[in-house]
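Student: I have a model open and want to go through it piece by piece. Can you take my questions as they come?
Tutor: Go ahead.

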Amino acid sequence: INNEFEPDTNIAPTSISLDNLTVNENVSGANIGNISGTDPDGDQLTYSITGADAAMFVVAGTTLSFASGHAADMETKSAYTITLEATDVGGLTYDEDFTINVNNVNEIPTDITLTSTSVDENSPGANIGIISGVDPDGDVLTYTIEGMGDYSMVHITGNVLHLNDNISADYESDQQLEVTLLATDAGGLSVSELFTINVIDDPSDNPPPPNTMPTSISLDNLT
């Protein structure tokens, strides 16, 4: 009879799971989910990450998150592929692929521009310039004028800024107009910017120089 003790054979882990497979974009270091696994021997498991996008992530204990300084960006990449690996105390492993889907989050418009910042004086209803903006989500933007500065002198049709039909700029009274434009996306987020509109002088309507009295008279020979 052989009474020698034979240790149990270590069996590799058999499964690994992640309790969440989505993450909001633009959150640096965002937590994604908790990792768990099954080991037939009841061993405590440790977890690691590999795969094409592994450098973007970190595993701390049983928590998967984006690495510090990294965040998802829906406009750049809508899903990330990773491989999670569970390792038991005997060094045996089990791995499985996961896809982390990125939730699109509405982002504020980032810029607003005007193609021209000058207007001729004495031109009622004159076009000033075409308005455009930048939205990270590609949303169609709507444009409005904020109630400050010379807002009452101008209006927007589509994406064109005009003087009002019965309004003209007057260089002699005000050489610059100030208008604040607002770009708003489909989700209600907006960006504003102040524009200075230079009024172009029309010399033809300048008053003539004032007539002044002569101040001296001379004669170049007195003999």
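Student: Let's start with strand β15. Is it mostly covered or mostly open?
Tutor: Mostly covered: seven of the nine residues in β15, which spans 176–184, are buried. Keep in mind that this is a predicted model.

Student: How does β15 pair with β12?
Tutor: The two strands are antiparallel, with four bridges between β15 and β12, residues 142–145.

Student: Which strand does β13 pair with?
Tutor: β14. Strand β13, residues 154–157, runs antiparallel to β14 and is joined to it by four bridges. Val-154 is opposite Leu-163 of β14. The hairpin of β13 and β14 has two residues between its strands, and Gly-158 there takes a positive phi near 65°.

Student: Which residues other than glycine have a positive phi?
Tutor: Asn-26 is one of them, with phi near 70°. Asn-122 is another, at about 60°.

Student: Where are they placed?
Tutor: Both are in loops. Asn-26 is between β2 (22–24) and β3 (31–38), and Asn-122 is between β10 (118–120) and β11 (127–134).

Student: Are those two buried or partly exposed?
Tutor: Asn-26 is partly exposed because its relative accessibility is 38%. Asn-122 is partly exposed too, at 35% relative accessible area.

Student: Changing topic to charges. How many salt bridges does the structure hold?
Tutor: One. Lys-77 pairs with Asp-53, and their closest N and O atoms are 2.7 Å apart. The pair links distant parts of the chain, as the two residues are 24 residues apart. Lys-77 is in the loop between β6 (63–66) and β7 (79–87), while Asp-53 is in the loop between β4 (46–50) and β5 (57–60).

Student: Why would such side chains pair at all?
Tutor: Opposite charges on side chains can pair when the charged atoms come close.

Student: Which end of that pair counts as buried?
Tutor: Asp-53 does, because its relative accessibility of 12% is under the 20% cut-off. Lys-77 is partly exposed, with a relative accessible area of 31%.

Student: Which residues gather in the negative patch on the surface?
Tutor: Asp-170, Glu-172, Asp-174, Glu-178 and Asp-205.

Student: Where is Asp-170, then?
Tutor: In the loop between β14 (160–163) and β15. Asp-170 has a relative accessible area of 32% and is therefore partly exposed.

Student: Last topic, Val-102. Which strand is it in, and is it buried or exposed?
Tutor: Val-102 belongs to β8, residues 93–103. The residue is buried, as its relative accessible area is 7%.

Student: What separates Val-102 from Glu-146?
Tutor: Their C-alpha atoms are separated by 35 Å, and the two residues are 44 residues apart along the chain.

Definitions and conventions:
Residues are numbered from 1 along each chain as its sequence is written. This is a predicted model: local features need pLDDT of at least 70, side-chain atom pairs count only at pLDDT 80 or more; totals for chains, interfaces and linings use all residues. Side-chain values use heavy atoms; hydrogens and water are left out. Buried means under 20% relative accessible area, exposed over 50%, partly exposed in between (1.4 Å probe, protein chains only). Two strands pair if DSSP finds at least two bridges between them. A salt bridge is a side-chain nitrogen of Lys or Arg within 4 Å of a carboxyl oxygen of Asp or Glu. Patches are made of residues with over 30% relative accessible area and no salt bridge: like charges are joined within 9 Å, nonpolar side chains (Val, Leu, Ile, Met, Phe, Trp, Tyr) within 5 Å. Accessible areas come from the Shrake-Rupley method with a 1.4 Å probe; for residues, only the protein chains shown count as cover. Lys and Arg count as positive and Asp and Glu as negative; His and the chain ends are not counted. The place of a charge is taken as NZ of Lys, CZ of Arg, CG of Asp or CD of Glu.
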